[in-house]
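Please look at the sequence and the structure below before reading on. The briefing then takes up a few places in turn.

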Amino acid sequence: VKLHEANDPEAPVALTKVLAETKAPLLAAHVRYHLARLFLDSDDPELAIKTLNEYLEHDINRSPLDAEAAFFYAQALADIPMPEEALPRFRAFLQWFPEASERFRSAAHQRIGEIERQQESRLHDLANGMLKTKRDLQKKRTGKPTQLDQEKYLTELQKLIEEFEEKESQS
């Protein structure tokens, strides 16, 4: 955990070793939680979700970190972005963990509001798609699906620009 807090690049390896070697359920829960946080802090929500899925499968009700794990699961979904999946999970977090830290509850309410406002905007959908493609490119996923996504987003962006220019000229 100290390696993670110090932004040491060896932190994921060290946490994974501890997880592989431990037989203590509470320690495994804490390691999975911190590993997921590390992935979120490293802008890798996909790996955070995989790790939190393992937490939810193996560690739920074994650690006082359940509320935070639920919050960060929703956060990771929102960061991918998968707003349709994130929204009900933020709401479930608020319902299931009424005693959670006010910091997390407040952030969940804020994210719910952001997601609801963004769902009605083509520009936000486009930005979310472009963010996912950027993450794919950073992970060296440069195949045909990523290229097709890039072309689709550029075409959509050009349409939005043309619509905006048309509205501007009519004003």
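In which helix does Thr-146 lie? Thr-146 lies in helix H9; helices (H or I, at least four residues) and strands (E, at least two) are DSSP runs, numbered from the N terminus. This is a predicted model, in which local features need pLDDT of at least 70 and side-chain atom pairs count only at pLDDT 80 or more, while totals for chains, interfaces and linings use all residues. Residues are numbered from 1 along each chain as its sequence is written, and side-chain values use heavy atoms, with hydrogens and water left out.

- Thr-146 is buried because its relative accessibility is 7%; buried means under 20% relative accessible area, exposed over 50%, and partly exposed in between (1.4 Å probe, protein chains only).
- Leaving aside residues up to four places away in sequence, Thr-146 touches Thr-133, Asp-136, Leu-137 and Arg-141, where a contact means heavy atoms within 4.5 Å.
- A polar atom of the Thr-146 side chain lies 2.9 Å from the backbone oxygen of Arg-141.

**Helix H8**

- Helix H8 covers residues 122-138, and its 17 residues should span 24 Å at 1.5 Å a residue; the expected span is 1.5 Å times one less than the number of residues.
- The buried residues in H8 are Leu-126, Asn-128, Gly-129, Thr-133, Arg-135 and Asp-136.
- These buried residues of H8 pack against helix H4 (45-58), H5, H6, helix H7 (102-118) and helix H9 (144-170).
- Lys-140, with a positive phi near 65°, follows H8.

**The largest pocket**

- The largest pocket has a volume of about 150 Å³.
- A pocket is found on a 1 Å grid over the protein atoms alone, as an open set of points with protein on both sides within 12 Å along at least five of seven lines; lining residues have an atom within 4 Å of a point.
- Grid points are joined across faces, edges and corners, and a volume is the space filled by probe spheres set on the points.
- Its lining is made up of Leu-56, Ile-60, Ala-70, Tyr-73, Arg-89, Ala-92, Phe-93, Trp-96 and Phe-97.
- Helix H5 (66-79) and helix H6 (83-96) each supply at least two residues of this lining, and the largest share, four residues, comes from H6.

**Leu-94 in H6**

- Leu-94 is in helix H6, and it is buried because its relative accessible area is 11%.
- Not counting residues up to four places away in sequence, Leu-94 touches Arg-105, Ala-108, His-109 and Ile-112.
- Leu-94 and Phe-71 are 23 residues apart along the chain, and their C-alpha atoms are separated by 8.7 Å.

**Backbone in the loops**

- Most residues other than glycine have a negative phi, and most peptide bonds are trans.
- Asp-43 has a positive phi near 55° and is in the loop between helix H3 (25-41) and H4.
- Asp-43 counts as partly exposed because its relative accessibility is 34%.
- Asn-61 is in the loop between H4 and H5 and has a positive phi of about 65° although it is not a glycine.
- Asn-61 counts as exposed because its relative accessibility is 70%.
- Pro-81 is found in the loop between H5 and H6, and the peptide bond from Ile-80 to Pro-81 is cis, with omega near 0°.

Notes:
On a 1 Å grid over the protein atoms alone, a cavity is a set of points where a 1.4 Å probe fits but cannot get out, and a pocket is an open set with protein on both sides within 12 Å along at least five of seven lines; lining residues have an atom within 4 Å of a point. A polar contact is a pair of N or O atoms within 3.5 Å; within protein, one must be able to donate a hydrogen and the other to accept it, and residues adjacent in sequence count only if both atoms are side-chain atoms.
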